[in-house]
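The following exercises, each with a worked solution, concern the structure shown here. Please inspect it before reading on.

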Amino acid sequence: MKKPKPQNAAASSAKSASRPRRRRLARSKYTPDELREIFRRFSVQRPEPKGELAHVNAFTLLVAVVLSAQATDAGVNRATRELFRVADTPEKMLALGEEKVGEYIRTIGLWRNKAKNVIALSRRLVEEFGGEVPRTREELVTLPGVGRKTANVVMSMAFGIPTIAVDTHIFRIANRIGLAPGRTPDEVEENLMRVIPEEYLFHAHHWLILHGRYCCKARKPDCEACVIADLCRYEAKSCDVPAPLVELPPQVIG
Ligand code: SF4
């Protein structure tokens, strides 16, 4: 059946102006088969990628991720080793107080503000969530110091809910090779969640970070060492022969 023509052009354009415009995501440059092959190769290289932030439960993971903004995972782990020994629940953290928390994390950048957030989020967990870390992104981002990226990491690592926390490496790769182009981290995240085959979604976040950190680097991608060099659509790539597909030794993510 043919769509009826708009009766009057002015009315129709007024209508479309008042309608919220749907954002169109740029298309991936890869076919579903190519996407499956890309992530299959990543899965052979790194069958069990893991985050490096030390934690003993969902709460300490949440605190560690909040502390890791603009800090290395190794630096955060050094500071939290003692902190988590005395405070591994929101109640204990609250009892410790902001000043004491600050003493434990003094070696981490922006520690004053982070100590404040750790106490504020512990208080909110106790008062609003019965001392438990919530599982949904909507609830997590209501906690002080917790943005979408932190929420995604916690959902994935603590609760096994597949998410993509778009960091600088993932943002670069998604756009550079046209995997899931987007102008903002949110657009890239939405696009990646759409194009990554479901069976690879859980580890995709770590694979992409590691690929960006060790191979598809910011300044000069190491295309000769790249296992997807034949599939890659980056025009300036320096090699189109894929590197041998072998399992790599464990590498640091943070
Ligand atoms: S071939 Fe080069 S540009 Fe393409 S993904 Fe590999 S390292 Fe990155």
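**Exercise 1.** Is the crossing of α3 and α4 right-handed or left-handed?

The model is a predicted one, in which local features need pLDDT of at least 70 and side-chain atom pairs count only at pLDDT 80 or more, while totals for chains, interfaces and linings use all residues. Residues are numbered from 1 along each chain as its sequence is written.

*Solution.* Step 1: helices are DSSP runs of H or I with at least four residues, numbered from the N terminus. Step 2: α3 covers residues 58–67 and α4 residues 73–86; their axes lie 11 Å apart at an angle of about 145°. These axes are lines fitted to C-alpha atoms over the stretch in contact, and angles run from 0 to 180 degrees between N-to-C directions. Step 3: the crossing is right-handed, the term for a near helix turned clockwise from the far one, whereas left-handed means anticlockwise, by less than a right angle.

**Exercise 2.** Determine whether isoleucine 173 is buried or exposed, and list its contacts.

*Solution.* Step 1: isoleucine 173 belongs to helix α10, residues 168–176. Step 2: isoleucine 173 is buried because 24 other C-beta atoms lie within 10 Å; the cut-offs are 20 or more for buried, 12 or fewer for exposed and partly exposed in between, with C-beta atoms placed from the backbone. Step 3: beyond its neighbours within four places in sequence, isoleucine 173 contacts Leu179, Leu208, His211, Gly212 and Cys216, a contact being C-beta atoms, placed from the backbone, within 7 Å. Step 4: the C-alpha atoms of isoleucine 173 and glycine 212 are 6.7 Å apart, although 39 residues separate them along the chain.

Methods: Helix = DSSP H or I, 4+ residues; strand = E, 2+ residues; numbered from the N terminus. Contact = placed C-beta atoms within 7 Å.
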